[in-house]
Amino acid sequence: MTFRQARWDEPLLWELRPPPEETGAVPALPGIPERMRRRRAARWPELTELEVVRHYTRLSQMNFGIDTSPYPLGSCTMKYNPKVSEQLARRPGAAQLHPAQPESTVQGALEILWRLERALGRITGFPEVSLQPAAGAHGEYAAMLMIRAYFRDRGELERRTEVLLPDTAHGTNPASATMAGFTTREIPSKDGCVDLAALRAAVSDRTAAFMLTNPNTAGLFEPEIVEIAATVHDAGGLLYYDGANLNAILGITHPGRMGFDVAHLNLHKTFATPHGGGGPGAGVLAAGERLAPYLPVPRLVKEGRTFRWEYDRPRSIGKIKAAYGSFGLDLRALVFILLHGEEGLKHVARRSVLNSNYVGKRLGELLPRPFRPLVKHEFLLSGAPLKARGLRTLDLAKRLLDEGVHAPTIYFPSLVEESLMIELPESESRRELDGFVAAFSRALGDSDANLRSAPHALAVGRVDEVAAARHLLLSWKDLRARGEVPAGPAPPSDGSGKA
């Protein structure tokens with residue numbers, strides 16, 4: 001399998017056929033102040049339907065996407081989004097709902113949300129689930145607020161000020177804990193997993209929680225998870241589950257069984273809802289008996305055959321989002337779960353683990369693999385040998401773009417030198433996996449000069465990230481002043497000098 005990324009050198013729309021130079025008077029409109037009126041008529045490009053269609057189609061082909069090649073966002077359980085889910089979510093009865101509609105007019109939608117909560121509760125092993133968070137990090141922060149409220153009610157908040165995290169933690173973990181008012185402390189890893197001795201030395205009566213992903217970001221299932229849970233609980237702390245890697249254990253085990261007290265999930269990572277491009281997001285909070293009373297309001301309850309919102313939860317952390325959940329994504333997730341069923345979800349986990357180990361074994365012949373060879377849903381490589389060629393992992397990642405493969409996550413987790421974190425979910429066939437490995441092999445076998453200057457086949461070449469951060473160019477005029485774009489007509493303007 002060979003991936004190909006489109007490259008288009010055609011000019012932008014307004015360069016195809018410049019707008020006419022119209023300087024005619026703009027009709028006066030009553031009620032519009034003089035200072036806010038155009039000085040000349042709008043200069044709209046004169047284009048045919050075919051030109052517009054081809055322009056936007058070419059733009060779409062310049063992007064990496066899950067419809068054309070493996071993951072378009074590094075190693076983030078980026079799955080193919082089933083078209084049946086997309087079709088159902090776009091039906092008028094779902095797409096045209098409004099969050100302010102009376103409950104009596106949206107009973108079907110509320111039942112969908114209620115059924116998704118019940119399904120996710122069974123999958124995670126927790127008695128109560130809330131779909132309210134806008135995204136994973138939002139749910140993570142809300143979970144920290146729930147933990148804070150729990151210790152406040154117990155009169156322990158002044159003492160329970162510390163949150164422990166492994167050195168493999170996702171970056172949002174310490175950020176969420178800090179935003180919730182806690183200090184953080186890092187626990188080192190041993191052979192890629194939590195060093196239990198270090199954890200036992202770190203827990204104390206100051207410990208509020210331990211935040212953990214399992215399997216972790218090295219793709220390893222924590223073998224001492226029962227002992228980890230007991231260690232934290234014996235110290236009076238709570239155990240928080242980062243659900244980013246739930247894809248690897250669907251139907252096999254769950255955070256409730258491992259001893260966790262609260263979890264956040266990402267519907268895009270595990271249940272194939274769209275993700276990227278700034279949204280929309282869909283987070284989930286699931287809680288055990290100790291923390292369930294603190295879930296945000298409203299809570300969705302069923303009385304007979306009627307569904308309604310309930311706000312009377314005295315210990316709740318309150319409302320954390322204007323509207324409940326992201327209905328279109330919640331519907332997509334429920335469709336994914338129902339299509340697979342219980343046995344199908346187990347297959348998702350087993351296939352994702354199989355794919356990861358297959359690709360890991362093959363790529364391990366090209367670059368070193370730290371830690372034990374058998375992993376769950378993802379694995380790590382070290383690009384350290386590239387340094388002997390005067391290259392970096394970044395150069396390999398950029399060169400992969402020329403192969404039509406989005407670069408995997410690089411330089412994370414930091415406990416591996418020149419790390420690459422790679423995950424191919426269950427949706428990828430063996431043919432696709434072999435193509436992915438072949439792309440890696442071609443990239444590594446290319447000349448040092450080509451690797452150092454890649455990518456070559458995309459619309460945009462190697463970007464100087466440091467210069468871009470220091471010298472922001474935020475308008476068309478800034479680009480033209482620096483000669484970054486060809487001379488010619490600017491985008492349509494109102495004549496005031498502002499693009």
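Predicted model: local features only at pLDDT ≥ 70, side-chain atom pairs only at ≥ 80, totals over all residues.
The largest nonpolar core comprises 60 residues. Those with the most contacts inside this core are Leu120, Leu199, Phe210, Ile228 and Phe271. Helix α12 (residues 327-363) supplies the largest share of the core, twelve residues. A second, separate core consists of 31 residues, among them Leu391, Leu433, Phe436 and Leu444. In soluble globular proteins, nonpolar side chains tend to be buried together.

With neighbours within four places in sequence set aside, Phe271 contacts Lys79, Leu120, Ile123, Leu246, Leu250, Arg332, Ala333, Phe336 and Ile337. Thr270 lies in helix α11 (residues 267-270). The relative accessible area of Thr270 is 0%, and this residue is therefore buried. When residues up to four places away in sequence are not counted, Thr270 touches Lys79, Gly243, Leu246, Asn247, Leu250 and Phe336.

Two packed helices are described by the angle between their axes and the distance between the axes. For helix α6 (residues 136-153) and helix α7 (residues 172-179), the packing angle is about 45° and the axes are 8 Å apart. The two helices, α6 and α7, are therefore oblique to each other. The crossing of α6 past α7 is right-handed. On the α6 side, the contact is made by Ala137, Glu140, Tyr141 and Met144; on the α7 side, by Thr172, Asn173, Ser176, Ala177 and Met179. By class, five residues in the contact of α6 with α7 are nonpolar, three are polar and one is charged.

Notes
Residues numbered from 1 in each chain as written. Heavy atoms only, no water. Axes fitted to C-alpha atoms, helices over the stretch in contact; angles between N-to-C directions. Helix = DSSP H or I, 4+ residues; strand = E, 2+ residues; numbered from the N terminus. Parallel < 35°, antiparallel > 145°, perpendicular 65-115°, else oblique. Left-handed = near helix turned anticlockwise from the far one by under 90°. Contact = heavy atoms within 4.5 Å. Nonpolar A, V, L, I, M, F, W, Y, C, P; charged D, E, K, R; others polar. Core = buried A, V, L, I, M, F, W, Y, C linked by side-chain atoms within 4.5 Å. Buried < 20%, exposed > 50% of the residue type's maximum accessible area, 1.4 Å probe, protein only.
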